[in-house]
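Trainee: I have a protein model open and would like to learn how to read it. Could you guide me through a few features?

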Amino acid sequence: MSIKKELLFHLIEDMKEELFSLSSYIHSNPELGNQEYKAVEAITAILSSNGFEVESGIAGLETAFKARFTKGTGGPTIGILCEYDALKNLGHGCGHNLQPSVALGAAISLSKLEETPPFTIEVFGTPAEETTSGKIPLTERGYFDHLDIALMMHAGDRTTVDGRSLALDSFEFVFEGKESHAAVAPENGISALDGVLMTFNGIEYLREHVRSDVRIHGIITDGGIAPNIVPGRSAAKFAVRASDRPYLNHVSERVLNVARGAALATGTKVEIIRHKSLENKLNVQTLNDTLLENAKLIGADNITPPRERTGSTDFSIVTHRVPGACIRTAFVPIGTSNHTKEWVQASNSPEGNKAIMTAAKIIGSTCLDIIYSKELLEKIKQDYLVEKENQKNLVVN
């Protein structure tokens, strides 16, 4: 282990009580997406007091921020992203309260190192990961485009990197029919619920003719008023996922056609509302390997290869602008699902605090590797360009 990394780890250890206190405070004050005012105030206060230049309310989001520290002239610019929103009626069942402490532990300790090559560290607060995805407007407005590397941490049941993620389209289908008494005059009614149910049935038939990586799942959000009233309005929400954007576009269009066909078949009208679209994550193996090498260096718990099954993440859209990677850090037993009470409890526990220290050291030491090695940074960028080109060449079979 290099002397600089040893110094970095000592600096992170020196901050541990402040980092644990911040995490516990956010955990005890769970806030939904775009309402994380207490979390942002606490996070930015610590950054400001440590010499970071803070810009709040960026990209038109009240609870988004950017904090910047520059040492010298030139050198790489590394972004460390953190989330802090909670889940409705559950709290921090995804461990987002840990992320700000990890980002601050890595960034502030790097800023305190002496006699290093030039670099810039930027901490980004990205709200509403669970709902509207604050990274979307931040990305669209170019807040990450100047970065050389983007890094973040997420809690997990093992220590690993995100090998991949699924591209996502989310839709709402609102069907309109005509109300009537279901017993006295059913012939005068047009059931909007029939349009919804036929959409579900059509999607079931579609499942047989898509790739195995595709996921389509939906719920009925409005099924009518009463059994004896022909529903004049009915609605459903669907999420459609696939391992790459080109194929997802193909599948999503087929899903939309199912809804359109259901409207035609039932005599209803359908309004199609697109809510959120995310990309599949672009992976840079060199960057992932660097994170895992540093995880091994510090003896992180339960280091494993990337998980085979995965979901979607708004961090994926960042990776379509700059090389990015996320280190998953173990803090619950393997097999424990997130969005559960078990995760809520673990997020404010000795295991959660250990994950903070582990992830801060992994990200901090990875930043040091990049700061000290122009060759490593160049290799990461070259691999990233290859990955982007491979993505462009994907075709729908």
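This is a predicted model: local features need pLDDT of at least 70, side-chain atom pairs count only at pLDDT 80 or more; totals for chains, interfaces and linings use all residues.

Trainee: Is Lys5 buried or exposed?

Mentor: Lys5 counts as buried because its relative accessible area is 10%, and buried means under 20%.

Trainee: Which residue pairs with Asp301 in a salt bridge?

Mentor: That is Lys354, at 2.9 Å from N to O. Asp301 is partly exposed at 33% relative accessibility, and Lys354 is partly exposed at 46%. Salt bridges can also share partners: Asp169, Arg245, Arg274 and Glu279 are joined into one network that way.

Trainee: How many salt bridges are there?

Mentor: The count comes to 20.

Trainee: Now, how do I read a pocket?

Mentor: Rolling a probe the size of a water molecule over the atoms shows where empty space is left. Here the largest pocket holds about 1,400 Å³ of space. Its lining has 45 residues, and Glu129, Glu130, Arg241, Ser312 and His339 lie nearest the centre.

Trainee: What kinds of residues make up the lining of the largest pocket?

Mentor: They divide into 12 nonpolar, 19 polar and 14 charged. Strands that each supply at least two lining residues include β5 (149-156) and β9 (233-242).

How values were computed. Residues are numbered from 1 along each chain as its sequence is written. Side-chain values use heavy atoms; hydrogens and water are left out. On a 1 Å grid over the protein atoms alone, a cavity is a set of points where a 1.4 Å probe fits but cannot get out, and a pocket is an open set with protein on both sides within 12 Å along at least five of seven lines; lining residues have an atom within 4 Å of a point. Grid points are joined across faces, edges and corners, and a volume is the space filled by probe spheres set on the points. Helices (H or I, at least four residues) and strands (E, at least two) are DSSP runs, numbered from the N terminus. Ala, Val, Leu, Ile, Met, Phe, Trp, Tyr, Cys and Pro count as nonpolar, Asp, Glu, Lys and Arg as charged, and the others, Gly among them, as polar. A salt bridge is a side-chain nitrogen of Lys or Arg within 4 Å of a carboxyl oxygen of Asp or Glu. Buried means under 20% relative accessible area, exposed over 50%, partly exposed in between (1.4 Å probe, protein chains only).
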